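Keep the model open while reading.

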Amino acid sequence: MRVLDLTDDLARQGARLLVGLGADVLRVDADEHLGEAERLHWHAGKKLVRTSGDEDLDALARDADVVLESGPVAKLRGLRADGTSRWPHAVHVIVTPFGLTGPHRDWVGGDLVLASAGGMTWLGGQPDGQPKPPPREQACQVAGAHGAIAALLGVLARDRVGTGQLIDVSAQEAVAATLETGAISWIHAGRFPVRTGGVYDHVAHRIFATADGHVAGGYSGSERMWTDLLAWLSEEGEAGELLDERFADPVVRWAERPRVDAVVSRFVAKRTAREVAEQGRERALPWAEVTTPADLVRNPQLRDRRFFVSVDGTEDAGFPWNAPGLPRPVVLSPLAEGTWTGAARGRSATDGRRPLDGVRVLDLTWVLAGPYATKVLAEHGADVIKVESRHRHDPTRFSPSMRLRPDAGPDDSGYFLNYNRGKRSVALNLRTPQGQEVLRDLAARCDVVVENFSPGVLDRWGLDYESLRALNPRVVLVSMSGVGHTGPWRRAVTFADTLAAMSGLSSETRDPGLPPQGLVFGLGDVVAANAAVLGALDLLVRGHGGHVDLSQLEAMAATMGPAVLEHGHDDPRTAAHPNRSRHAVPHGVYPAAGDDRWVAVTALDEAQWAALRDLADLPGDGDLARRRAAEDEIDAALAAWTRAQDAEELVARLQHAGVAAALVATGRDLVDGDEHLAERGFYQPLDHPIAGTVLHEGVVARLTATPGVLTSPAPLLGEHTEEVLRELLGLEDDRLAALRAAGVTE
């Protein structure tokens, strides 16, 4: 697959992910303003071509399968004045800050502004301090991942309809679709999460101090997470009042979480971080040491799975999985002049309105990462059959803290509704031999199987990849275990917080001089979900089956940017100014009028600085180095100027002047107050038989010719059991009745 890379920081991660698939990527900009480590990380494995004008660019685009472009609308090279692509034969993916349509289409912004506009920034930081986004430009990396997904969807669509198309990806929407409960809590409960300094709002997970560092962990999820932790505490004689039988009730544990956390904190504080993590892994409990990016290269699991890539003799973070187009161990060359070597993909035309129409997916996942991945597949046409059961409780259906909706039950849990729309539900008790037999029959009739069981579970059911391939030679199996199906840690149980801890991300959430805070939403789950989608689409594009052995840890570590290559650098952040950047001054979050209202403001170049300086009458002048010397004075003056102004009105003024700025949006702001998201129809209503009409987070990759849609609300548990078993397996009434009587279909 030939890819023309016209990205800036908004979608560099997308181009890098396509390199990881083995795509032939040609770049026209050497990004000479980047440091050496950044250039190596973002552009290794690509070829550089020099262009002298639009004619040269058009000639390159004519030979490309995919053109991946990003930047502000005003600077796009491939967009015509009428909003169409200059290269209609190609799959032309454009990632912009706010999308190609809507009242904010011309607004500008980098990672801080987009994380703020999309709701990420609001969720981070100390309760009494500034909000702050996740480290390592996660807003841009999420946007880039959606750009890569859009590219593969476009290629699949072109194989169906015979032509390319323009695909619109809004970085704001990519971020807004990544918040876990950040916005849907407002939709379902009329409340939104607030900054807690790293304590999760909907699950009992957080970062705990140990004798020599920190660990991430907790006791939510399946009931075993609690009972086995309690057994561990009891064995050590440190369970205390938690042995009282009233704590066996998850509702009581949640209501009295501070008391439970206090006991766990005392237990953890007496032990080293490594000891807690190792014991947790041995007990299959979700605990992990908070490690630094520098520690990644010593991680035995990553080393065993050959995660790291070699670039010019130096180790760098690798890619989310071992892709067939670029098998491990991976050796990449630095960006150097060259041209495409292989031919462009052939083109054909078949029936189908969406890229995945006619693709059947067996969804064996639960909680967030897996359901998020399969919902993306459903949006673009896949028939997703979700296998679940009352005998294996998905916490997003059955855990009171995750239902979000007041008085909700398993069938109208707000969390479940958002991430399982567009799917069919089949109830199967997989603890029974008959249930496993039916599952094997279903798998034989599906194109893609997505699962996040612990390694070895599918093997015991006769559904490992080799067994599946015997049933269906073209099957794509996507396994989404925490750390992969091989390696010394393969039995580890992980949650989003433990993945962030192991990947090095959590360590970078610390403000200077303070402990790490961690994240309070499932960023690691969504990053892994996007990687799973890419893995499945890659094999579908190739037209053959295969096993995507996805390690969610590797997916998360692959978003650490050039952290592995860097050997320390000046950090301009302070505890009072946690949002400062090496690349811009000013770069921060500033107070606005009202209770806990904030605006993100950055000067991304000299023109933006001049406009902001004149508008706010700021002190200081000159280039970035001179502004850095006066940063305290500039920040103080800017905060004094913003403090009394209405946040939305101020942001509009700044953007009108060409300055990158955004409201630090809450879930309520996104759902009810953002005119741009409303005009683009990002939050879409679906009618649910119990919950009624409910808004859902929408489709991120907007294909103009074969658009994705939200077709139906999330299913009731087992709603489609008989329908699917009749349709796919041809079961008659007597067989269905026998399965019901045996407790198999419940």
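## Terms and basis

Angles under 35 degrees count as roughly parallel, over 145 as roughly antiparallel, 65 to 115 as roughly perpendicular, and the rest as oblique. Axes are lines fitted to C-alpha atoms, for helices over the stretch in contact, and angles run from 0 to 180 degrees between N-to-C directions. Helices (H or I, at least four residues) and strands (E, at least two) are DSSP runs, numbered from the N terminus.

The model is predicted: local features need pLDDT of at least 70, side-chain atom pairs count only at pLDDT 80 or more, and totals for chains, interfaces and linings use all residues. Residues are numbered from 1 along each chain as its sequence is written, and side-chain values use heavy atoms, leaving out hydrogens and water.

## Helices H17 and H29

Two packed helices are described by the angle between their axes and the distance between the axes. For helix H17 (residues 433–443) and helix H29 (residues 721–729), the angle is about 55° and the axes are 10 Å apart. H17 and H29 are therefore oblique to each other. Their crossing is left-handed: the near helix is turned anticlockwise from the far one by less than a right angle, whereas clockwise would be right-handed.

Which residues of H17 and H29 meet? H17 brings Val438, Asp441 and Leu442, and H29 brings Val724, Leu725, Leu728 and Leu729. Contact means heavy atoms within 4.5 Å. By class, this contact of H17 with H29 has 6 nonpolar, no polar and 1 charged residues. Ala, Val, Leu, Ile, Met, Phe, Trp, Tyr, Cys and Pro count as nonpolar, Asp, Glu, Lys and Arg as charged, and the others, Gly among them, as polar.

## Helices H8 and H10

Helix H8 (residues 223–235) packs on helix H10 (residues 257–269) at about 50°, with axes 11 Å apart. That makes H8 oblique to H10. H8 passes H10 in a left-handed crossing.

Trp226, Leu229, Trp232 and Leu233 of H8 touch Val260, Val264 and Phe267 of H10. The contact of H8 with H10 has 7 nonpolar residues, no polar and no charged.

## The sheet S7-S8-S9

Three strands form an open antiparallel sheet, in the order S7-S8-S9. Strands pair if DSSP finds at least two bridges between them. Strand S7 (205–209) and strand S9 (287–289) are the edges; each has a single partner strand, so one side of each lacks a neighbour in the sheet. Neighbouring strands are turned by 25° against each other on average, direction ignored.

Strand S8 (residues 214–218) is joined to S9 by 3 bridges. Ala216 has Ala288 in S9 as its bridge partner. Helix H20 (residues 496–503) lies across S7, S8 and S9, at about 20° to S9.
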